[in-house]
Amino acid sequence: TTTIQTIQTTTIEMMMATMNNTTTSTTTSLSSLSSRFRRSAKKNNNNKNNKKEATGIFHQREETRQQQRRRRRRSATTNAAASGTKTEGEQLHLSALEQSELIDDTEDFPIDANTKFEPTIGIETHVQLQTKTKAFCGCQYSYGANANTQICPICMGHPGTYPKLSEEVVEKGVQIGVALNCKIREVSKFDRKQYFYPDLPKGYQISQFDEPLCEHGNIKVVIPVEEGGGEATIGITRAHLEEDAGKLNHVGGSGNVSTATHSLADYNRAGVALLEIVTEPDFKNGKEVSAYGQELRRIVRYLKASDGNLNEGSMRCDVNVSVKPVGRKRFGTKVEVKNMNSFNAMARAIDYEIERQEKLYKEGRGDEIVQETRTWDDQNQRTVTMRKKRGLGGLPLLPRTGFKSTRVFASVRRERSKGNARVTERNSRQV
């Protein structure tokens, strides 16, 4: 009996010791694991802070660089004007919007019910280039093909893929730039325009920001006799290359986004080459805008750079409209109008938006005019709010890493001579 009790006591002591050791080791393991988690979390927070700090430093440097660039252009323009020379001023002149931002004379022009206004109108036109492949991959594109059958990992932005710029895209862009009397940059670069939208597979758009392919051009527009006649010279601020987004097909209801039950994404168009042409705010009314659009379409069709079909989205025009009292230098708040499928619709949309803004100002509700994007409702003949702008700074832009600067040398001179010959031939035929 004594032996059995001794064995039981020893067994219990061993079990207790084992349990104590297990508890101690478990506590040690949990403590070690917790320490590792804390170190990992601290490291992640440091990485996040470093990324935020690096992003902040980049944006500060980018903003500083843009300010320095504007100052150089302003001083060059002033010196050129003072000396009477045009060479330096032509190379580094300010856009009409930048000139407007230099002068704040708002208080000198009070607004009341009897104030007379004048419009400020500019156009951004996206021309889909007629090339064999998309801008940065080997996919072909044809309008009306089955959804999501003309895509690849590159244009869908899959990890590990590397975009490569098509030479034909640059040549088509240079041709149009020459026809618009633009200065062709021999060195330009690409940037990433960061924004999220369901039809944008990458989560960003490859575009050009501060070094576009073409800039500082002009185009002469003839107003039809039945619409008053006359001529107008429209300045071209810039024409830059970028890629197109996909397309959303709205299903259910009346087929538009407001009444649809759901939307289907078709990425066939994603990555297709575009040339965005931005004008100076030189338009006075919707008739001039309509004439400009028709002339631009004739040019791109003659050069065989694009088919210019508005119904198929090969040529899309976005109009920026604002009004200000007559004589004031400072521009009013800009409103962008989209989704106009004809040149006549563009003219009607502009006339409506001018009337709407003037009415709000005269009623003392000018603060309701905000920087926003509106869509043209052709059925009701009015513009409707589509989305508010994110801010005066616009969309965040980053330099497109992995791309060398696009260099255009002999091809520029070759296409310039071809373009001048073609435009001269077309003008002589019209005469």
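I take a residue as buried under 20% relative accessible area, exposed over 50% and partly exposed in between, with a 1.4 Å probe and protein chains only.

I am working on a predicted model, where local features need pLDDT of at least 70, side-chain atom pairs count only at pLDDT 80 or more, and totals for chains, interfaces and linings use all residues. Residues are numbered from 1 along each chain as its sequence is written, and side-chain values use heavy atoms, with hydrogens and water left out.

**Whole chain.** I looked up the secondary structure and found 7 helices and 16 strands, taken as DSSP runs numbered from the N terminus (helices H or I, at least four residues; strands E, at least two). Of the 431 residues, 38% are buried. The accessible surface is about 24,600 Å², and carbon and sulfur atoms hold 51% of that; the areas come from the Shrake-Rupley method with a 1.4 Å probe, and for residues only the protein chains shown count as cover. I then checked contacts (heavy atoms within 4.5 Å). Among those between residues at least 6 apart in sequence, 71% join residues at least 24 apart.

**Core.** Which residues have the most contacts inside the largest nonpolar core? I list Ile176, Leu180, Leu241, Ile277, Tyr292, Met340 and Met346, in a core of 60 residues. Helix H6 (residues 343–362) gives the largest share, 8 residues. Such a core is a set of buried Ala, Val, Leu, Ile, Met, Phe, Trp, Tyr and Cys residues joined through side-chain atoms within 4.5 Å.

**Aromatic pairs.** I count 4. Rings of Phe, Tyr and Trp (its six-membered ring) pair if their centres lie within 6.5 Å; planes under 30 degrees apart are stacked, over 60 edge-to-face, the rest tilted.

How are the rings of Phe136 and Phe190 arranged? Their planes stand at 80°, so the pair is edge-to-face, with centres 5.6 Å apart. The pair links distant parts of the chain, 54 residues apart. Phe136 lies in the loop between strand S1 (117–128) and helix H4 (167–179); Phe190 lies in the loop between strand S3 (187–188) and strand S4 (191–194). Phe136 is buried at 5% relative accessible area, and Phe190 is buried at 4%.

Phe283 and Tyr292 are also edge-to-face, 5.3 Å centre to centre with 70° between the planes. Phe283 is buried at 2%, Tyr292 at 1%.

**Charge over ring.** I found the charged end of Arg192 over the ring of Tyr204, 3.8 Å from its centre. The test asks for NZ of Lys or CZ of Arg within 6 Å of the ring centre and within 35 degrees of the ring normal.
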